[in-house]
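Have a look at the model first, and then read on.

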Amino acid sequence: MTYLLDWTNDDRPYRLNVPGMLSVPYSLELNDLCLFTMNGFTGPEFLQAVKDQFDQLYADSSESGRVMALALHPFVTGQAFRARYLDQALDYIAGHPGVWLTTSDEIARHYAAPPA
C-alpha cells in the first residue's frame, strides 16, 4: 500500500508521516452516494455542484495543480435517470484545457515520482 484516500482534508496530494505513504485527495462532498441518497440532490443539482467545484479548483490550479475527486458508484449515478447528468459534468470538465482526467493510482504515481 502506497497511498490512501481516507483523509478528506485537502485538494492536493501530500506525504504522510508514514514512510512511503501518500494521501491522495478524496471528497465526501462530491460523493454521489452522499449527494443523491443522503442529501436528496436531483440530477441538475448534482451537475451544478460538480461544475461549481470544478470551476473553483480550476481557478485555484493556475499556480499549482489541484485534484477534484469525484466519487461515483454505478448503482447510484449509473441509474438511467441520473447518467446523463454525469455525462454532462464530465463533458464540461473535459472541455477545459490542461485538465488531466485520471485515476487515484495515476495521481499517486505522478506525485511520488522524482522531479523530472
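Asp11 is partly exposed, as its relative accessible area is 22% (partly exposed lies between buried, under 20%, and exposed, over 50%, with a 1.4 Å probe and protein chains only). This is a predicted model, in which local features need pLDDT of at least 70 and side-chain atom pairs count only at pLDDT 80 or more, while totals for chains, interfaces and linings use all residues. Residues are numbered from 1 along each chain as its sequence is written, and side-chain values use heavy atoms, with hydrogens and water left out.

The side chain of Asp11 meets that of Arg66 in a salt bridge, 3.4 Å from N to O (a side-chain nitrogen of Lys or Arg within 4 Å of a carboxyl oxygen of Asp or Glu). Asp11 sits in the loop between β1 (3-4) and β2 (14-15) and Arg66 in the loop between α2 and α3, so the pair ties together parts that are 55 residues apart in sequence. The two partners compare like this:

| Residue | Relative accessible area |
|---|---|
| Asp11 | 22% |
| Arg66 | 26% |

By this rule, the count comes to one salt bridge.

Now to the helices (DSSP runs of H or I, at least four residues). The axes, lines fitted to C-alpha atoms over the stretch in contact, of α2 (residues 43-60) and α3 (residues 80-94) come within 9 Å and cross at roughly 20°. The two helices are therefore roughly parallel to each other (angles under 35 degrees). On the α2 side, the contact (heavy atoms within 4.5 Å) includes Phe46, Leu47 and Phe54, and on the α3 side Tyr85, Leu86 and Ile93 are among the residues.

Terms used: Axes fitted to C-alpha atoms, helices over the stretch in contact; angles between N-to-C directions. Parallel < 35°, antiparallel > 145°, perpendicular 65-115°, else oblique.
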